[in-house]
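Hi everyone, thanks for coming. I'd like to walk you through one model today, going from its domains to its sheets, its helix packing and the contact between its chains.

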Amino acid sequence: MAWAKKVMRVNLTTGRIGSEPLNMDWAMQYLGQRGLATKYLTEEIDPKCDALGPDNKLIMTTGPLTGTMASTAGRYSIVTKSPLTGCVACSNSGGFIGAEMKTAGWDMIIFEGKAPKPVFLHLENETAELVPADEIWGTSCWHADEWIHRKYQDPLMRIAVVGRSAEKGCLYAAVVNDLHRAAGRSGVGTVMASKNLKAVAIRGTRGVGNVRDITAFMAAVQKGKKVLADNAVTGQGLPRFGTNVLMNVINEVGAMPTRNMREVQFEGSSRISGEAMHEPRESDGKPNLVTNAGCFGCTIACGRISTIDRGHFTISNKPQYWGASGGLEYEAAWALGSDAGVDDLDALTYANFICNEDGMDPISFGSTVAAAMEMFAMGVITKQHTGGVELKFGSAEALCWAADVTARGEGFGLELGLGSKRLCEKYGHPELSMTVKGQEFPAYDPRGIQGMGLTYATSNRGACHLRSYTVASEVMGVPVKTDPLVTEGKAELVKAFQDATAAVDSTGLCVFTTFAWTMEDIAPQIDAACAGGWTAQKMLETGERIWNLEREFNLAAGISGKDDTLPDRMLKEAAKTGPAKGKVNNLHEMLPKYYEIRGWGRDGIPTNETRKRLGLKSGGLAA
Amino acid sequence: MRITLKLYAGLGEFLPPGARDNATEVEIVAGASLQEIIDRFHVPRERAHLVLVNGVYVNRSERDARVLTDGDVLAVWPPVAGG
């Protein structure tokens, strides 16, 4: 059945480690990973708890296909309550540790309590122990990763780790695995550090068994891989240019958030794009991009491996950064680039390296820097605050300084670690925070792509593109082209994307497969691996159930329909250039319809009829 | 009349030598259609997936009839995606 059917429970307060069977009744309703771990979380914690207190739990979770031969089946997620938003957090990552955890025989590891001193979990198949981490506490993810590998003399060990930013309380700290993949959003790394848990180091050698019908599974998997290979996006575009191929696309359609979203087009986009990463540098004749890279079992391989010009100011005297490492994804290139007004590709790559090295979400970090730059331009933040640094839009030096001090939790970096919402509130300008529910916007201006406004406003983890990527339809024409400047039909589009993505995020597969796969391609792979009769329709129903359960968590945490909104800049300040010139986001035209088709009341609360249909508790979690 | 032609991602190979930032200036005659310009640069029709004029998408069925005007920016991509 692909599920290992085993959950490890680690009580960090007492040091007790136990094993228990996976709740298969819940697995039939929530499948795995995002959905199933959210079910566990809602059953086990008070949604009102302090996200950074011992009552919060942190769940490291795989999907039923994680570790199998299906393409991209290396995904895992970290599910917890977010300190950034107060919402349920679910951050998904690739790399190799998800598959390693499954191969060690575990669907899920639930961390609870708080260790009295820093520790890391060492797990090898059935054997697990908490090991003192005093020697690596206060060090970067990369240092800790190397230290643990050396300690066990096992290069095949897979490690997920938090950096100094998390330890210092940066509210958007990530959990970094395999050096440059990350469960990046919503501050899941901050929660891990709050528990004095530095790392999880895993070696698994058992393999993944329990596949329901191995012959059918192999046939379904092979068919799926052929679809990915034959598709121009997953077979050619993503491996060659990576996600940053979107830089010029989104700029051209006038939805490129620029300089803290004051503008919607960036004059420097072509210099920081996926295409630019292929161009030889004038200085040394080498391109930024060294090669593409794939996560476990992936036949797409969209990852970027990059270098920085050794003569560049960021690293000329730092040889530790002269080698190749994880390069820019579109989201990082946007947040570190256009949102800060910086078009220096080497500087962006350096800042990205730092985000990986010390575990920071580059989206939230870049967006927070952009807000700080706007306040610096207004004279609200001054050189007195920054210690003499000119925090100007367009300054590559300022961006890289900000990355350094935030990563290490030093000086003004501690304030940048608060995130955009709290930083802007602290300096008396909450209107300058480009956030929803406290989480920073990703790389699509909702004035130029209307559906993304509804996506951000209703996302269960705060502003996020990965909860409903209507850009695929509104810009790229996948699965069908819709007009990005109209609101008609967007409520239905957003709901469809939200439900489908929630289901895919619960499988162990990568959501990027959906540029080629429909649910009709995915369901046969799940059904062949798992008991339960997983049709495409059941997958979508499961996705809807997951979406509503996440909503119930947030409602019980005190977040309501009033929070389903956007910053005034998106609702009142019209775009100045491009196809969306003169337009704002018309959220009010989409939100009521969205509530209606969700089966929610006008207050954004699921009706009891909807709850009953989806098998959720009548009256909500609080009841 | 002059327009700006931008060919991105894998279509960059169809740009003339010396083009920078994936763009080149193109002289066109009055009444020239969008598709004529794409054909002039030997971009295979099936690879011209995302076609924008001044940032606005033009359906495949409208490209033969769509007339360009002075100063237009024509941008073309093969199928791409990201996130």
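**Domains, sheets and helix pairs**

Let's start with the layout: chain A is divided into domain 1 (6-203), domain 2 (258-433) and domain 3 (447-614). Those bounds come from an automatic or database domain assignment. Before I go on, please keep in mind that this is a predicted model, where local features need pLDDT of at least 70, side-chain atom pairs count only at pLDDT 80 or more, and totals for chains, interfaces and linings use all residues. Residues are numbered from 1 along each chain as its sequence is written, while chains are lettered from A and ligands numbered from 1 in the order in which they are written.

How far apart do the C-alpha centres of domain 2 and domain 3 of chain A lie? The distance is 28 Å. Across that boundary, 9 residues of domain 2 of chain A are in contact with 12 residues of domain 3 of chain A; contact here requires C-beta atoms, placed from the backbone, within 7 Å of each other. On the domain 2 side, the residues divide into 5 nonpolar, 2 polar and 2 charged. For these classes, Ala, Val, Leu, Ile, Met, Phe, Trp, Tyr, Cys and Pro count as nonpolar, Asp, Glu, Lys and Arg as charged, and the others, Gly among them, as polar.

Now the sheet in chain A. Helices (H or I, at least four residues) and strands (E, at least two) are DSSP runs, numbered from the N terminus, and two strands pair if DSSP finds at least two bridges between them. A:Lys57 has A:Glu112 of E6(A) opposite.

Helix H2 (residues 33-44) of chain A includes A:Gln33, a residue other than glycine with a positive phi, near 40 degrees. On angles and axes: axes are lines fitted to C-alpha atoms, for helices over the stretch in contact, and angles run from 0 to 180 degrees between N-to-C directions.

H2(A) also packs with helix H21 (residues 536-556) of chain A, at about 35 degrees and with the axes 10 Å apart. Their crossing is left-handed, that is, the near helix is turned anticlockwise from the far one by less than a right angle, with clockwise being right-handed. Among the residues in this contact are A:Arg34 and A:Lys39 of H2(A) and A:Glu550 and A:Phe553 of H21(A). By class, the contact has 3 nonpolar, 4 polar and 4 charged residues.

Compare that with helix H11 (residues 345-358) and helix H14 (residues 396-408) of chain A, whose axes are 9 Å apart at an angle of about 5 degrees. H11(A) and H14(A) are therefore roughly parallel; angles under 35 degrees count as roughly parallel, over 145 as roughly antiparallel, 65 to 115 as roughly perpendicular and the rest as oblique. Their contact has 10 nonpolar, no polar and 4 charged residues.

Then there is helix H7 (residues 214-230) with helix H20 (residues 519-529) of chain A, packing at about 155 degrees with axes 8 Å apart. H7(A) and H20(A) are therefore roughly antiparallel, and their crossing is left-handed. This contact has 8 nonpolar, 2 polar and 1 charged residues.

One backbone detail: A:Val478 and A:Pro479 are joined by a cis peptide bond, with omega about 0 degrees. A:Pro479 sits in the loop between H18 and helix H19 (490-504) of chain A.

Finally, chain B. Its open sheet of 5 strands has the order E2-E1-E5-E3-E4, again with mixed pairing. Which residues of each chain meet, and how many? The contact takes 31 residues from chain A and 20 residues from chain B. H8(A) gives the largest share of the chain A side, 7 residues. That side has 17 nonpolar, 10 polar and 4 charged residues.

Key:
Contact = placed C-beta atoms within 7 Å.
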